[in-house]
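This briefing goes through the chains of one assembly and the places where they meet. Please keep the structure at hand while reading the points below.

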Amino acid sequence: MAKELWKGNEAVAEAAIRAGCRYFFGYPITPQNEIPEYFARHMPEHDGVFLQAESEVAAINMAYGAAGSGARVMTSSSSPGISLKQEGISYIAGAELPVVIVNMMRGGPGLGSIAPGQSDYFQATRGGGNGDYRTVVLAPATIQEMTDLTQEAFDIADLYRIPVLVLADGMIGQMMEAVEWKKPKARKLPAKGWATDGTKGKREHNIINSLFIDPKDCTQHNQNLQKKHDLITQNEIRFEEYLTDDAEVLFVAYGTTARICQSAAIKLREAGVKAGVFRPISLWPYPEKELYLCANRGCVKTVVCAEMSMGQMIDDVKIALNGSKPVRFIGSGGGTFPTSAELMAAAHTALEGV
Amino acid sequence: MIHEIILSGFGGQGIMAMGKMLAEAGMQEGLSVNWLPSYGPEVRGGTANCSVMLSSEPIVSPIVLEPTEIIVMNKPSLLRFEPELVSGGIAFINSSIIEIPATRRDINAFYVPCLDIASELGNPRAANMVMLGAYIEVTQCLHQKTVEKMLTHLFTGAKAGLVALNKEALRRGAACILRAAC
Amino acid sequence: MAVVYQRSKGLTETEQHFCPGCTHGVIHKLVAEVMEELDIIGSTVGVASVGCSAFAYNYFACDMQQAAHGRAPAVATGIKRVHPDLAVFTYQGDGDLAAIGTAEIVHAAMRGEKITAIFVNNAIYGMTGGQMAPTTLLGQKATTAPLGRQKDLHGSPIRMAEMLATLDGCAYAERVMVTDPASIAKAKRAIKKAFTLQLAGAGFTMVELLSTCPTNWGLSPVEAIGWLKENLVPCYPLGVYADRAEQKEEAAK
C-alpha cells in the first residue's frame with residue numbers, strides 16, 4: 001500500500017478511527033490539539049461522536065461511561081491534562097473498562113513547558129491514580145509505529161478490559177513522517193456481555209463499578225486484577241534491539257530519545273566504538289528479562305539509560321539488570337533532549353569507567 | 001544521501017508548507033522523510049521554522065542540529081541558523097529582504113531574490129515556491145517534476161488556477177540559479 | 001386477593017442500607033415506579049454517584065454504572081452519546097452534584113445533554129458522617145462547621161435548580177420534596193415529566209428533591225420531616241424553575 005505523509009497527532013486519531021473508535025472526548029492542550037481537531041472534522045463522516053468536554057476530568061469520565069456502554073473510545077491530552085485524568089484512569093482500571101488514552105508528553109512539573117518531554121514515565125507506569133492497578137503503556141518512536149500500536153491498543157484494551165496508554169511526546173505529535181496503513185494481527189476478542197446497553201428485560205442488570213465495600217470482595221477483586229496483569233506480562237511485552245549483537249556499550253531508551261540514541265550509536269561505530277540500543281516499546285509490562293538477556297548475553301560492558309527526563313525509567317533499567325552491569329544516566333528534563341553528541345560523550349565516559 | 005534542512009522565516013511566508021512539500025516529494029521519490037515544526041507561542045508571534053530530513057537510508061533521529069542546508073526567508077533566521085550550518089553546507093538566502101550576506105567562509109551561499117521574482121509573477125505569496133525551485137536546482141535532491149506533479153494534487157477546484165503560477169515560480173527559482181552559474 | 005401495593009419492578013430485591021427516616025428510599029421507589037410506568041426499565045442506564053447514593057447500582061433493576069465523586073453527569077454523557085435511544089439518569093447527592101461535581105452538572109446542562117439528574121438535597125454529607133454541604137443552611141451545624149454555617153466563613157447555600165434553570169440547555173428543572181403522600185405524588189409527577197422530556201429529546205432535565213437526614217441532623221424521623229418543611233423549604237422554595245419544552249410548545253402556538 002502507498003505511503004502517506006502524516007502528522008503524528010492526526011495519524012494517532014486516524015488510527016483510532018480505523019480501529020473502530022467512534023467516540024472521542026477531550027479538552028484542548030498543547031502539543032496535542034490536532035488530535036481533538038482531527039476527530040472534530042472526521043468523526044461525523046463515520047457517524048461517530050466528538051465532544052469537547054469542560055475539562056480533562058470530565059473527558060476521562062465520559063470515556064468511562066462510553067466504554068462501560070460497550071463502545072471503543074479514546075481520550076487524549078498532554079502531561080498536565082493527563083494528571084487530571086488520573087482519577088478516571090484508576091476508576092477505569094478498577095471497573096475493568098477498555099479505554100485508549102494518548103499522552104503527548106511535554107515538559108513538567110506543573111505547567112512546565114510545551115516542548116517535548118518524557119517526564120511522565122512514573123505517572124504512566126506506576127499509575128498516578130490510587131490503588132493497585134496497571135495500565136498497558138505503549139511507547140512508539142515513529143509515526144508508523146504509533147499508527148500500528150494505536151490500532152493494536154484497542155484490541156489489547158478490549159481483550160483484557162484494561163486502559164491502554166499510548167505514550168509519546170510533543171515531537172512525535174507534531175512531526176510528519178511516512179505512514180503505510182496496516183491492520184493489526186487479528187485477535188479473537190470476547191463479546192462485551194458486561195456492557196450497560198439496556199437489559200431489554202432479557203437479563204439481569206449489568207453493573208459497571210469499582211466499589212467493593214466488603215474488603216474481602218475488594219481483595220478478591222485485586223487478586224483477579226493481578227492475574228490479569230500477570231497474563232499481560234506474559235503476552236504483551238514489546239521491545240526492539242538495534243545494533244546490539246556485538247555492542248560494548250548499550251543505550252536503553254524509549255520513544256524519541258531512542259531514535260537519538262540510534263543516531264549516536266551509528267556515529268560511535270563510525271568512531272570505532274561498538275554501541276547498540278535496547279528500546280522498550282511496552283513500558284508496562286516492561287521487557288525486564290529481555291533487557292537483562294540483551295545486556296548479559298554478549299559483550300556489553302556498560303549500560304547508559306537516556307531519557308528526556310531527570311531519570312525515571314532508569315529505575316526499571318536497574319531492576320531489570322539487577323546489578324549485573326554498571327548503569328549510567330543521561331537525560332534532560334523540562335522540554336529539552338540529550339543530543340547525540342552528549343550521548344556519545346556519555347558512552348565514552350561509561351566505557352572509561354569499566 | 002542525506003539532506004538535513006532547516007527552513008525559517010516569518011509566519012505567513014509559507015515556511016511550513018515549503019517544508020511539507022519537500023517531505024512529501026521526498027516520500028514520493030522513495031526517500032525516508034521527516035518534517036518537524038517548531039511549535040508553540042513563538043509560532044503565534046511571528047517566526048516560524050521547521051526541519052526536513054530527506055535520506056536514502058532509514059531516518060533514525062528526527063532532530064536536526066547541524067543542518068546540511070538552511071533556507072532563510074528573513075534576516076533573524078539567517079542570524080540564528082547560519083552558525084548552525086555544517087561546514088561545507090549551503091545557505092539559501094531570500095535576498096529580496098535580507099540585505100546582509102552570509103559571513104562564514106566554509107559554507108556556500110545562494111542569494112535568491114524570491115520575493116521579487118514572485119512579485120513579478122503577480123503573487124508575492126509564491127516566494128516560497130521560487131525558493132523551493134532554487135533549492136532543488138542546487139541540491140538535485142529531488143526532481144522538479146515530482147513537485148510539479150504534487151502541485152496539481154494540492155491545488156484543486158477553485159484553487160486550480162494556482163497550479164500554473166506555482167509551477168512557474170519553481171521554474172523561475174531554478175532558472176535564477178542557472179543564470180548565476182553561467 | 002387483589003394486590004394493592006408491591007415493590008416496583010424497577011427495584012431489585014436487594015435490601016437497602018438507608019437509615020430509618022431517610023427519604024432516599026422513597027426517591028428510589030419513585031424513580032423505579034416511573035421507569036416501570038414508562039416501560040423503560042430494560043432501556044435505561046442509571047449512574048450512581050458517591051455518597052449515600054453510592055449503592056444505587058445495587059437497588060435499581062436497570063443497567064447501572066457507578067461514577068467517581070461528582071462525575072456522574074460526565075459518565076452519563078458518555079453513555080447517552082453511545083446509546084441515544086436509552087434513557088439515562090444520574091442519582092446524586094448535594095456534595096456530589098453541588099460541590100465536587102459542579103462543573104460536570106453545569107456543563108451537562110449547558111450542552112442540553114439528554115439525561116435526567118435526580119438531585120437529592122438533604123443539606124448535609126450523609127455517608128461521610130455529617131460534614132457541611134454546599135446546601136447546608138446558614139446556622140445549621142455540621143461536623144466541619146461545629147458552630148453552624150456562617151455566611152462570612154462558608155458562604156451561603158447554593159440553589160442548584162435555580163442556577164441550572166438559567167441555562168438554555170436545561171429543558172426542565174423542578175424542586176420537590178417527599179414528606180407526605182401529596183408531595184410524594186407531586187415529586188413522582190416531576191420525575192416522570194423529566195424522563196418523558198428526556199425521551200422526547202427536549203434536553204437536560206433535573207429534579208431536585210429535598211430529603212431528610214435524621215441521623216446527621218440529630219433528629220427523629222418525624223422531627224426531621226418537620227425540620228425540612230420549616231427550614232429547608234424556605235431556603236429552597238419548591239416549584240418549577242425551567243420548563244423550556246412548554247415554552248417551545250407555546251411558541252409553536
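**Where the chains meet**

In this predicted model, A:Glu177 stands opposite B:Asn34, a residue of strand 2 of chain B.

**Chain B against chain A**
- The contact brings together 16 residues of chain B and 18 residues of chain A.
- On the side of chain B that touches chain A, the elements that give two or more residues are helix 1 (15-28) and strand 2 (32-37) of chain B, and the largest share, 5 residues, comes from strand 2.
- Sorted by class, the residues on this side of chain B are 11 nonpolar, 3 polar and 2 charged.

**The other chain pairs**
- There are 2 pairs of chains that touch, and the most contacts among them are between chains A and C.
- Chain B and chain C, by contrast, do not touch, and their nearest C-alpha atoms are 28 Å apart.

**Chain C by itself**
- The secondary structure of chain C consists of 11 helices and 7 strands.
- Chain C is as compact as a globular protein of its length, because its radius of gyration of 17 Å is close to the 18 Å that the globule rule gives for 253 residues.
- The C-alpha trace of chain C spans about 50 × 50 × 35 Å along its principal axes, and 58% of the 253 residues count as buried.
- Among the contacts in chain C with a separation of 6 or more, 67% are between residues 24 or more positions apart.

**The two domains of chain A**
- Chain A is divided into domain 1, which covers 4-197 + 222-235, and domain 2, which covers 240-352; their C-alpha centres lie 27 Å apart.
- Where these domains of chain A touch, 28 residues of domain 1 are in contact with 22 residues of domain 2.
- The elements of chain A that each supply at least two residues to the domain 1 side of this contact include helix 5 (121-127), strand 7 (164-169) and helix 8 (215-235), and helix 5 gives the most, with 4 residues.
- By class, the domain 1 side of the contact with domain 2 in chain A has 16 nonpolar, 9 polar and 3 charged residues.

Note on methods. Residues are numbered from 1 along each chain as its sequence is written. Chains are lettered from A and ligands numbered from 1 in the order in which they are written. This is a predicted model: local features need pLDDT of at least 70, side-chain atom pairs count only at pLDDT 80 or more; totals for chains, interfaces and linings use all residues. Two residues are in contact if their C-beta atoms, placed from the backbone, lie within 7 Å. Ala, Val, Leu, Ile, Met, Phe, Trp, Tyr, Cys and Pro count as nonpolar, Asp, Glu, Lys and Arg as charged, and the others, Gly among them, as polar. Two strands pair if DSSP finds at least two bridges between them. The radius of gyration is taken over C-alpha atoms; the globule rule is 2.2 Å times the number of residues to the power 0.38. A residue is buried if 20 or more other C-beta atoms lie within 10 Å of its own, exposed if 12 or fewer, and partly exposed in between; C-beta atoms are placed from the backbone. Domain bounds come from an automatic or database domain assignment.
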